[in-house]
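The following paragraphs lead through selected parts of a structure. Please consult the sequence and the coordinates alongside the text.

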Amino acid sequence: MGDPHKDRRPIGRRMTPQRADYRRLAQSAEIGTVTRGQLAVLVQNLTCTGLISATESHLLVTLINTAPAEAFDKSGRPIIFKSNQQLGFEIGRSAGRVSRLLSSLFDAGLITMQDSGNYKRYPVRIGDGAIVDGCGIDMRILIVRYRELDQLVRQAKAEKSAASAALRRYRGALRNLRYALATATRPSDRALARIAGRVERVVAIVGVASKAPSALLRRASALFDWFVGRLMQLPRRPESSPETENSTCTYAENGMHKQTTNPDPLEESNDNRRSANAEQLHLLEAGSASKTAYEPSLGDASSQVNGRERQPQAVVALQDLVRAIPALKAYGFALPRSWADLARLVPQMCRLTGISDDARHRAVEQMGEQQAAVAIAVTLQKYDRQEVKSPGGYLRAMTDRAAAGELHLSRSIFGLAARNSMEALN
């Protein structure tokens, strides 16, 4: 015969290593360093941290107020002996609900519990009536963790204050920008329409402003201020760009970079330039940049992706790409200082243009992470110029052409840079 007690259900309160650690920590409390009033105020504010719910905070305040003030003095013992039924009556909940709330508070490290054999709560007193021990709800863990929890409350309040300030500034900057769009007369109608389109895209990215992260709101506000400066045609502030200061590319604009790269007349080339075939423009490669300014992996003919030979690509300098993609700065992106920085911007560029994750993953799988980042940056620029209506389809077409060995990203980069230079001169 087997052991009749083998499958007996465990009895007693569930004990975990974390609960055991909290009980040991509670024993190291220095009674008298924190008053009952301080603990009550702390517990009322704990809900703003998300650590406990409002109902749990109500129960915890009730427990603190149940203990006499002298229990938190130097020789006191802040242990609560009320039953779950009595606590439930005081907070308007059932005894079972109180039991679950107490377990949650135990797991959060806000109380500890010492149970008797029959789960009754009672004090152990000495001759003069002073409580020296007892089985009940121990509040000493709050004394030990007071500074830690108080810091959490202060941090949560500071974050809330910063979020409110960022939200107010975002709404004010957006209101000022829309007023500037409605009253500006100096820019052309095309420029106004382009800035208005960019503003709506930024607003779409932010979404519900009250739920957006503070960093995103601050970034959008700065971008709106920049748009206002463009609308008012304010002179640009002198700024030193690390990309230009540390650049090893010393050539100036020349006739080769200023020529148009589109073989068709500008009036008749809209359809041609809106397709992926627009990459097949016959532009001479820029050869005056120093070798150290080039990205080796873009010109490595022996590199492979998933076992397939990748077609050789002409080398492209990072500063050439930054010069060719002014949309990066227009949308408030931090200008990349390395190819790794550009790759980290890819998810944000895809969200802005509506490129799906599947299209992005296919591009990375076929072209590699760096070339895919360049292709997505080119797509962003053409989408900003309203030359591409479906960025996702355009990127897929580029991916297919990369698989066939017919994609030449360097020509697109130099072509965009030349076009931007011509527009700046005009």
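Does Ala-163 count as buried, partly exposed or exposed? Ala-163 counts as partly exposed because its relative accessibility is 27%; the class lies between buried, under 20% relative accessible area, and exposed, over 50%, with a 1.4 Å probe and protein chains only. The model is predicted: local features need pLDDT of at least 70 and side-chain atom pairs count only at pLDDT 80 or more, whereas totals for chains, interfaces and linings use all residues. Residues are numbered from 1 along each chain as its sequence is written, and side-chain values use heavy atoms, with hydrogens and water left out.

Ala-163 belongs to helix 7, residues 146-183 (helices are DSSP runs of H or I with at least four residues, strands runs of E with at least two, numbered from the N terminus). Between Ala-163 and Ser-210 there are 8.6 Å from C-alpha to C-alpha, at a sequence separation of 47 residues.

In helix 1, residues 17-26, the buried residues are Arg-19, Tyr-22 and Ala-26. Seen down the helix axis, these residues fall within an arc of 55 degrees, so they line one face of helix 1 (the arc is that of the directions from the axis to the C-beta atoms). They pack against helix 5 (95-107), strand 2 and helix 6 (140-144), contact meaning heavy atoms within 4.5 Å. Pro-17 and Arg-24 are exposed on the face turned away from the buried side.

Two bridges join strand 1 to strand 5, residues 137-138, in the antiparallel sense, and Ile-79 stands opposite Asp-138 of strand 5.

Technical notes: Pairing = 2+ DSSP bridges.
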